[in-house]
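Here are my notes on the model, jotted down as numbered points. Have it open on your screen while you read.

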Amino acid sequence: MTNEPIRFSPDVEQKQSDEAETIQQLNDAFDVILERTAEDYGRAVRSVHAKAHGVLKGELKIDDGLPPELAQGLFATSGTHQALVRISTNAGDILPDAISLPRGLAIKVLDVVGERLPGADGTAQDFVTNNGKVFVAKDAKTFLGNVKMLAKTTDRLEGTKEVLSAALRGVHNALEAVGASSPKVDTLGGTPNVDPIGETYNSVTPYRWGDYIAKYRLVPVAPDQVALTGRIVEAADRPDAIREDVRVEMERLDAEWEFQVQLCRDLDKQPIEDPTVEWDQAISPFQRVAVLRVPAQDSWNPAQVREIDEETRFSIWTGLAAHQPLGNINRARNETYRHSADFRARVNGCPYHEPSAAQA
C-alpha cells in the first residue's frame with residue numbers, strides 16, 4: 001500500500017448552512033411515523049428498524065498486535081468486551097416479512113474506556129450497520145424526501161406493499177443480472193429476502209478512527225453461518241418468518257463475524273460527505289481488527305427482548321470521541337435518533353438505559 005491513510009481533522013467535514021432546519025424537518029417527518037405506529041400498536045416503536053428479528057448476547061474480541069493505524073480508539077487495546085446485538089429490518093412500522101427490506105445489525109459494546117462524544121451517556125460503544133453497501137441518500141435533505149414518502153405509507157396498504165415488494169425483487173434481479181444495483185429499489189422492498197445470520201453488514205457512512213478515518217463492516221466467518229449466506233427466507237403466510245428462522249438457527253450455531261476496517265486513503269475517491277459512494281477496495285482493502293462472537297442461544301428470549309429490544313437504545317452517537325460519526329447524514333442521525341428514542345421512552349413509560357457488563 002503506497003498511499004498513507006488520511007489523518008482526521010475537523011475540516012474533512014463540510015457542514016451545510018441549513019442542516020439545523022433539515023434536522024427539524026426530519027424530526028417532524030419521523031413524528032408522523034412514530035405517532036401513527038404508536039396509535040396502531042398501542043405502544044411506541046422505533047422510527048426506523050422497528051421490527052427486531054433477534055436479540056443476542058455475545059462478545060467482541062479485539063485482536064492482538066494491530067498496526068498503529070488500526071489500533072485506534074476502542075481497538076487500541078486488545079481484550080474482550082461483552083456485547084449486546086439486535087438484528088432488525090429497516091422499516092419504521094412492523095411489517096409482515098413477505099415485504100423484503102434491508103437487514104440491520106446493531107452492536108452495543110460494553111464497558112469502553114475513553115473520552116466520549118458529546119451527550120453520549122454510559123460507557124458503551126455502539127456500532128450500527130446494515131447489509132447494503134451504500135446509503136440510500138447523498139445527504140440529509142435528500143433523505144428527508146425519502147422519509148416523508150415513507151411517512152405517508154407507514155402501516156398502510158400492507159397487501160399492496162407485499163405485491164410491490166415482489167415486483168421490486170424482480171427489478172433488483174434484473175439490475176443484478178447486468179451488473180447494476182439501486183439502493184432505492186432495495187429500500188422500497190426489492191432487496192432479496194435473505195437470512196440475516198449469513199449477511200455481511202456495513203457501516204455505509206464514514207467515522208473517525210482515532211487519528212484516521214474509516215468505514216467498517218462485519219463479515220460472517222463461522223462455517224455453519226456462512227452456509228446461510230444468501231439463503232432466501234420463505235415468508236409466504238409467515239408474518240414473522242425471519243424471527244422464527246433465526247430462533248431455530250441460533251439455538252444450534254455459534255455465530256462469528258469478523259470486524260473489518262477500511263481506512264480512507266483518498267478524500268476525492270473516498271468522500272466523507274457522500275455516503276452513496278462505495279469506497280474502492282483497490283485503494284484501501286478491509287482489514288480485520290476484531291471478532292464478534294455470539295454463542296448459540298435463544299434469540300427471542302423474553303427477558304432479553306425486554307432488556308435489548310425495549311429498554312436499550314442504539315445510536316451511532318453513543319460512544320467514544322475517537323469513533324465520531326462523520327458527514328452530513330451522520331450529523332443528522334444524532335438528534336433524530338435521540339428524538340425517536342425519547343418519544344418511545346415517554347409513550348411507553350419505559351426509560352432506556354445504557355447497560356454495563358455487570359448488568360448484562
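Where is the place of Arg-288?

1. Arg-288 sits in strand β9. Before going further, a word on the source: this is a predicted model, where local features need pLDDT of at least 70, side-chain atom pairs count only at pLDDT 80 or more, and totals for chains, interfaces and linings use all residues. Residues are numbered from 1 along each chain as its sequence is written, and side-chain values use heavy atoms, with hydrogens and water left out.

2. Now the overall picture. Of its 360 residues, 57% count as buried. Here buried means under 20% relative accessible area, exposed means over 50%, and partly exposed is in between, using a 1.4 Å probe on protein chains only. Take the contacts (heavy atoms within 4.5 Å) between residues at least 6 apart in sequence: 78% of them join residues at least 24 apart.

3. Back to Arg-288. With a relative accessibility of 37%, Arg-288 counts as partly exposed. Its side chain makes a polar contact of 2.9 Å with the side chain of Asp-63 and another of 3.3 Å with that of Glu-258. A polar contact here is a pair of N or O atoms within 3.5 Å; within protein, one must be able to donate a hydrogen and the other to accept it, and residues adjacent in sequence count only if both atoms are side-chain atoms. Leaving aside neighbours within four places in sequence, the residues in contact with Arg-288 also include Leu-66, Leu-70, Phe-259 and Gln-260. Ile-62 is 226 residues away from Arg-288 in sequence, yet their C-alpha atoms are 9.4 Å apart.

4. What does β9 pair with? Strand β9 (residues 287-294) and β1 pair in the antiparallel sense over four bridges, and Ile-62 stands opposite Ala-290 in β9. Two strands pair if DSSP finds at least two bridges between them. Strand β1 is also joined to β2 (residues 79-89), again antiparallel, by eleven bridges; there Leu-56 stands opposite Val-85. Nine of the twelve residues of β1 (residues 51-62) are buried, so the strand is largely enclosed by the rest of the structure. As a reminder, side chains in a regular strand alternate between the two faces of the sheet.

5. Gly-42 follows α1, with a positive phi near 75°.

6. Asp-111 has a phi near 55° and lies in the loop between β3 (103-109) and β4 (125-130). At 34% relative accessibility, Asp-111 counts as partly exposed. Val-204 has a phi of about 70° and lies in the loop between β5 (201-202) and β6 (207-209). Val-204 is buried, with a relative accessible area of 2%.

7. Is Asn-330 buried or exposed? Asn-330, found in helix α8, counts as buried, at 0% relative accessibility. Its side chain reaches the backbone oxygen of Leu-326 at 3.0 Å. Beyond neighbours within four places in sequence, Asn-330 is in contact with residues including Thr-205, Pro-206, Tyr-207 and Trp-317.

8. On a 1 Å grid over the protein atoms alone, a pocket is an open set of points with protein on both sides within 12 Å along at least five of seven lines, a cavity is a set where a 1.4 Å probe fits but cannot get out, and lining residues have an atom within 4 Å of a point. Grid points are joined across faces, edges and corners, and a volume is the space filled by probe spheres set on the points.

9. By that rule there are three cavities of 30 Å³ or more. The largest cavity has about 60 Å³ of space, and its lining includes Lys-51, Thr-89, Asp-93, Arg-103, Asn-193 and Ile-242.

Terms used
Helix = DSSP H or I, 4+ residues; strand = E, 2+ residues; numbered from the N terminus.
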